[in-house]
Amino acid sequence: MRRRAVIMVAGLLLAGAARAEEDALAEEMARNPARFEARAIDLIAGFGGPGGLRLEGIEAHVALERAGARASAMRRFLAMDLDADGSVDRNELATVQHAASAQGRGRMERQFAAADADGDAVVDAGEMAAAGAAAGLAALGEEEAGLLRAMLRLDANGDGALSVAEVSAAVARASDAT
Ligand SMILES: [Ca+2]
Ligand SMILES: [Ca+2]
């Protein structure tokens, strides 16, 4: 009995999440239809196959964006690892800061402090990876990823792929409605 209630609640929550995603999609479309359409068409061109954009294409886009931001963040720390032992300590930070602009010094200080999760004045390999992961999520967050995945709701003929025609039709419908 209780289990059934749990399953029902879980089902309601899932339905709620799907609705929230749908609302977010409609909102995004209404906010700036032309920009939404352009972005969707770019995604289809960049990550879609012959039939259009599938979920795998969206996931590839999300992963690529995050990997780029992750690599940039990790590269900054790797460039400070002067003795190549896989971690950055305060001495290394100070040496690198010495050669940087005043603005750069402040930024490095903030990045170092933010990455040093355990506060031991060393950014170790695990903390570098975590800083990279955080930068990836900051570049393309879960909310935005959910919105991109929700674009597949515009797949009007239900073949699992979103075409330019389907996007344009959905945007036209949304514009008519407002
Ligand atoms: Ca080092
Ligand atoms: Ca640390």
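I looked up A121 and found it partly exposed, because 13 other C-beta atoms lie within 10 Å. The scale I used calls a residue buried if 20 or more other C-beta atoms lie within 10 Å of its own, exposed if 12 or fewer, and partly exposed in between, with C-beta atoms placed from the backbone. A121 sits in the loop between α5 and β2. Its phi is positive, about 65°, although A121 is not a glycine.

I note that this is a predicted model, where local features need pLDDT of at least 70, side-chain atom pairs count only at pLDDT 80 or more, and totals for chains, interfaces and linings use all residues. Residues are numbered from 1 along each chain as its sequence is written, and chains are lettered from A and ligands numbered from 1 in the order in which they are written.

Next I checked A84. A84 also is not a glycine, yet has a positive phi of about 55°. I place A84 in the loop between α3 and β1 (88-89). Is A84 buried or exposed? A84 counts as exposed, because it has 7 C-beta neighbours inside 10 Å.

**Overall layout**

I count eight helices and two strands in the protein. These are DSSP runs numbered from the N terminus: helices are H or I with at least four residues, strands are E with at least two. Along the sequence I read α-α-α-β-α-α-β-α-α-α. Of the 178 residues, 21% are buried. I then took contacts between residues at least 6 apart in sequence, and 62% of them join residues at least 24 apart. Two residues are in contact if their C-beta atoms, placed from the backbone, lie within 7 Å.

Helix α6 covers residues 125-139. I checked its length: at 1.5 Å a residue its 15 residues should span 21 Å, and the end C-alpha atoms are 21 Å apart, which agrees. The expected span is 1.5 Å times one less than the number of residues.

Which residues of α6 are buried? I list E127, M128, A131, G132, A135 and G136. They pack against α3, α5 (102-115) and β2 (122-123).

I followed up A69, which is found in helix α3. A69 is partly exposed, because 19 other C-beta atoms lie within 10 Å. Leaving aside neighbours within four places in sequence, A69 is in contact with A135, G136, A138 and A139. The C-alpha atoms of A69 and G136 are separated by 5.0 Å, though the two are 67 residues apart along the chain.

**Helix pairs**

I looked at α3 (residues 55-78) and α7 (residues 142-150), whose axes come within 10 Å and cross at roughly 155°. Axes are lines fitted to C-alpha atoms, for helices over the stretch in contact, and angles run from 0 to 180 degrees between N-to-C directions. The two helices are therefore roughly antiparallel (angles over 145 degrees). L55, I58, H61 and V62 of α3 meet A145, L148 and R149 of α7.

The second pair is α2 (residues 33-47) and α8 (residues 164-177), with axes that come within 10 Å and cross at roughly 170°. That makes α2 roughly antiparallel to α8. From α2, the contact uses P33, F36, E37, A40, I41 and I44. From α8, I noted V164, V167, S168, V171, A174 and S175.

How values were computed: Angles under 35 degrees count as roughly parallel, over 145 as roughly antiparallel, 65 to 115 as roughly perpendicular and the rest as oblique.
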